[in-house]
Amino acid sequence: MKNVEMKNVRRHSRSKQSFAVRYLFLFILFPFLITTIGCEKDKLYEVNEETLLPPNANKTKLKSDQQYIAILYANLFQTALSSDNLFEASECVQSIGDKDLVHEVLISNYMNKPSVVLPTNEDMRADVDAFITETYNRFLVRNPTEAERQFFKNYIITHPNVRPELVYFSFALSNEYQYY
Amino acid sequence: MKRRGFIKKAATATAGAFVVPYILPSGRLFAATGAQLAQHVVMVMFAGGVRQQESVEQTYLSQSQGIPIEGNIMYNMLDGTAPTQKIVYGTDGNLAGDTPIPQILGSTIQQQGTLFREVRSSHAGHYGGMNALLQGNTLFSQGLRQKPINPTIFEYTRRHLGAPASKVWFVGNGIGNSTPLMNYSNHPDYGAAYGANFLAPNVTFGSQGIEHLSDAKIYHPEEELDPIYQMKYFLDNNFENIGGTIETIYNTEEEKQSIKLFMREMYNLGGNIAKPPVSDNGDLSTVGYAVEVMKWFKPTLTVVNLGAVDACHSDYTSYLKALHRADHAVGHIWNQIQQIPEMAGNTIMMVTPECGRNLTPNPIKDENDWLAFDHSDANTQRVFTQMVGPNVPANLVRGGIGNQVGETADNCPTIAEILGFKADVMGTGLISSTAQSLFDRI
């Protein structure tokens, strides 16, 4: 009998303890819940400021006459120009005041050489996309943007007289090609 | 209504008559402010450092080598009889240089125009001297291989006269040192956009040019060049250039085409150009191509730079030969100008050395045991200027020994006066305070 009483006393005492713990837990949790749920503000997500530039913007250095000629020759002939020829060609460039003009003359001179490496018109028109990508890679050392690709695709398709030589010529004359 | 309409039309026409002459093809809004004395100017930057003693003073060997032989070896430009002994400056006959080159002109430049016998050269060096001639200023801080600091007469001509690029030419004797840089300045208000077409013909049409430029294709303007330019312009519009500007002198596409055709013609001629009767040095070849430039483009302003007499640093005999040939070159240029219909009777030619040479020699002796001369002492500041053409007084001499009249920086405002925009140039504040038009010194 005494044992039964003792068990009841313990059970009662335990339930009292668990009730106290429960209230203690609620007591601690309540302010936490108030601060985290009741005072929740709208979340503001931000991104770091970044200057957006076109893909060709990292070209900031103007090529020297010799750099321009050496790179042009390599692009057109897929081989290097000898140092003697490079020296002579750069003297020719210096001998004419209008650099645009002398570049045109130099390019058209190279275009007249039988060893210039050009795709055929048929190859270009068979896969215009590939030709545009290859031309950008060859001359401007980058891929075209979608807008650039679209322009050249439309231009080549709508101008049947445009051949790879003329496209290459325009790239070699472009301002972007003057820089590296 | 009819009366009102008439008044309106008359007012519009009158306003148009006033306004149209001021809207020039270049887009500038101000026409030349003065009357033109001639429509074309040719300036010869003479020879590369010339002593007064062997030029206007005609002392030949007497004041250089102590040999008492005098005479005039520049008898196209100056009055005076040639030396009779120790002739070394001509072409080779029995002896080297013993045959003087025959006179080209019936009457000398001195007789036809005005000679300023003693002009002050503001600089003792070639490029400082050239800068003074071209800029009308004397900035001594300007270094070698640098663009001019102040605007050149090329830029003044293009900006204030509205002359297109193909009407303004600088024909150089080579591409050494500063020569190819003199066609425009770094000045922010002028610069490349107003620059001259530079040409060093002995390179462009020499062995290098034949190898690298002569085989150029001439593309069809509409069927080939148009697409090339259209695609180029698209690429240029897409290129955000943050690395600085590409300098260009803005020849139009038509002007570029004309220059390319000119080059093709020169290569086709294979050297059979309008060279002087004797053309055995680089200056004479340069002058031949300069004449071809004049024949093709009829430029408003042509500046020709000669430089062979600079051999005087180490070879006095070569100097005499080069000086004799420079005179031959000037005679030839003036002769040829009279054969170009658009320029004959409508061109003023000016001739000035960019600097003089020393009074005393250096120790270097040549094949004749004659001493050479550099350019660094006070004698270097003594040069001359000649002008010839319409509105230039004939047979007039101004100044003399001990009485300097004019300076090399005068040539720039003089050209501006000839072409009718002197007030514009003087008003820039970029001209030397002592420089003035030589017409104001007559």
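Begin by selecting B:N177, a partly exposed residue with 13 other C-beta atoms within 10 Å. The model on display is a predicted one. B:N177 sits in the loop between β3 and β4 of chain B. Its phi is near 45 degrees, a positive value in a residue other than glycine.

Next, select B:N395. This residue lies in the loop between β7 (382-388) and β8 (396-398) of chain B. Phi of B:N395 is near 55 degrees, which is again a positive value in a residue other than glycine. B:N395 counts as partly exposed, with 13 C-beta neighbours inside 10 Å.

**The sheet of chain B**

Now display the strands of chain B. In what order do the eight strands of the open sheet lie? The order is β4-β3-β5-β1-β6-β7-β2-β8, and the pairing is mixed. At the edges are β4 and β8 of chain B, each of which pairs on one side only. From one strand to the next, the twist averages 15 degrees.

Select β3 (residues 168-171) of chain B. B:V168 and B:F170 point one way from this strand, B:W169 and B:V171 point the other way, and all are buried. On one pairing, β3(B) runs parallel to β5 (residues 301-305) of chain B, joined by four bridges. Within that pairing, B:V168 stands opposite B:L301. Three bridges join β3(B) to β4(B), also in a parallel arrangement. Here the bridge partner of B:V171 is B:L199 in β4(B).

Strand β2 (residues 114-120) of chain B pairs with β8(B) in the parallel sense over three bridges. Select B:T114 to find its bridge partner in β8(B), B:L396.

Select helix α10 (residues 316-337) of chain B. This helix lies across β1 (40-45), β6 (347-352) and β7 of chain B, and runs at about 175 degrees to β6(B).

Then select helix α3 (residues 126-135) of chain B. How many of its ten residues are buried? Ten of the ten are, and the helix is described as mostly covered. The buried residues include B:H126, B:Y127, B:M130, B:N131, B:L133, B:L134 and B:Q135. Among the elements that cover them are β1, α4 (153-161), β6 and α11 (411-419) of chain B. Just after α3(B), select B:G136, which takes a positive phi of about 70 degrees.

**Chain A**

Colour chain A separately. Chain A has eight helices and zero strands, and its pattern along the sequence reads α-α-α-α-α-α-α-α. Of its 180 residues, 29% count as buried. Among the contacts in chain A with a separation of 6 or more, 67% are between residues 24 or more positions apart.

**Where the two chains touch**

Display both chains together. The contact takes 44 residues from chain A and 44 residues from chain B. On the side of chain B that touches chain A, the elements giving two or more residues are β4 (197-199), α5 (201-204), α6 (207-212), α7 (221-238) and α8 (253-269) of chain B. Which element supplies the largest share of that side? It is α7(B), with ten residues. By class, the side of chain B that touches chain A has 21 nonpolar, 13 polar and ten charged residues.

**Helix α7 of chain B**

An α-helix has 3.6 residues a turn, so residues three or four places apart point the same way.

Terms used: Residues numbered from 1 in each chain as written. Chains lettered and ligands numbered in written order. Predicted model: local features only at pLDDT ≥ 70, side-chain atom pairs only at ≥ 80, totals over all residues. Buried ≥ 20, exposed ≤ 12 C-beta atoms within 10 Å, placed from the backbone. Contact = placed C-beta atoms within 7 Å. Nonpolar A, V, L, I, M, F, W, Y, C, P; charged D, E, K, R; others polar. Pairing = 2+ DSSP bridges. Axes fitted to C-alpha atoms, helices over the stretch in contact; angles between N-to-C directions.
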